[in-house]
Amino acid sequence: MQNTITRAVVGIEASIDHIGKLTAWVALAMISLVAVNVLLRYAFSLGSVWAQELEWHLLAALILLGMSHALLRGDNVRVDLFYARYSTRAKYVVDVVSVLLIMVVALLFVVLSLGYVGQAYAINEQSPDPGGIPFRWLVKGLIPLGYSLLVLQSAGQLMRIVQTYRAPGELDDV
């Protein structure tokens, strides 16, 4: 049983890490696009609605695909001022409750966004601006995808927390 959980956690974390590395390329593309857009706008008085919308779409992809990787790396926000002083048992409770809350909120986002994305797909939603990006439903589709990845990483983190604190005598200090 322990080996199965370990393999599951390692698989989840490897997948999320791989997606996180791909997301870093999205960040590079977005930064490059912003730099080119600024250069074209201020040096040559050229602008494009399509390019500006693409900046926002890449930002959405960066955030939605990157949040599970941030959780994996421990880059999420926590008030360590208090946490550092907690006993091992209190840290365990805080960690489990935190991960469960993340999972619940992420699952709510997945469930609530499916109709939103489905409606955008059904009407083939496009940019209302002339020269804007078509297929707006694609970027909206990143919402349930990103939050599903967050649920997956949260499940892996929960398994890792339980596994870590299950060591003999680990929760004995109070």
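The paragraphs below go through a pair of helices, a glutamine, a surface patch and a loop.

This is a predicted model, in which local features need pLDDT of at least 70 and side-chain atom pairs count only at pLDDT 80 or more, while totals for chains, interfaces and linings use all residues. Residues are numbered from 1 along each chain as its sequence is written, and side-chain values use heavy atoms, with hydrogens and water left out.

Let us begin with two helices. Two packed helices are described by the angle between their axes and the distance between the axes. Here, the axes of α2 (residues 49-73) and α6 (residues 142-165) come within 8 Å and cross at roughly 0 degrees. Helices are DSSP runs of H or I with at least four residues, numbered from the N terminus. Each axis is a line fitted to C-alpha atoms over the stretch in contact, and angles run from 0 to 180 degrees between N-to-C directions. The helices α2 and α6 are therefore roughly parallel to each other, a term for angles under 35 degrees. Their contact (heavy atoms within 4.5 Å) involves residues of α2 including A61, L64 and L65, and residues of α6 including L142, I143 and Y147.

Stay with α6 to find Q163. Is Q163 buried or exposed? With a relative accessible area of 17%, Q163 is buried; buried means under 20%, exposed over 50% and partly exposed in between, using a 1.4 Å probe and protein chains only. Leaving aside residues up to four places away in sequence, Q163 touches Q2, I5 and T6. The C-alpha atoms of Q163 and G146 are separated by 26 Å, with the two residues 17 apart along the chain.

Now turn to the surface, where V36, L39, L40, F44 and L46 form a nonpolar patch with about 460 Å² of accessible area together. Such a patch joins nonpolar side chains (Val, Leu, Ile, Met, Phe, Trp, Tyr) within 5 Å, from residues with over 30% relative accessible area and no salt bridge. That last term means a side-chain nitrogen of Lys or Arg within 4 Å of a carboxyl oxygen of Asp or Glu. Areas come from the Shrake-Rupley method with a 1.4 Å probe, and for residues only the protein chains shown count as cover. F44 belongs to helix α1 (residues 2-44) and is exposed, at 53% relative accessible area.

Finally, visit the loop between α4 (88-122) and α5 (136-140), where N124 lies. Although N124 is not a glycine, its phi is positive, at about 50 degrees. N124 is partly exposed, at 33% relative accessible area. F135 is also placed in the loop between α4 and α5, and has a positive phi of about 60 degrees without being a glycine. At 43% relative accessibility, F135 counts as partly exposed.

Key:
Patches are made of residues with over 30% relative accessible area and no salt bridge: like charges are joined within 9 Å, nonpolar side chains (Val, Leu, Ile, Met, Phe, Trp, Tyr) within 5 Å. Helices (H or I, at least four residues) and strands (E, at least two) are DSSP runs, numbered from the N terminus. Angles under 35 degrees count as roughly parallel, over 145 as roughly antiparallel, 65 to 115 as roughly perpendicular and the rest as oblique.
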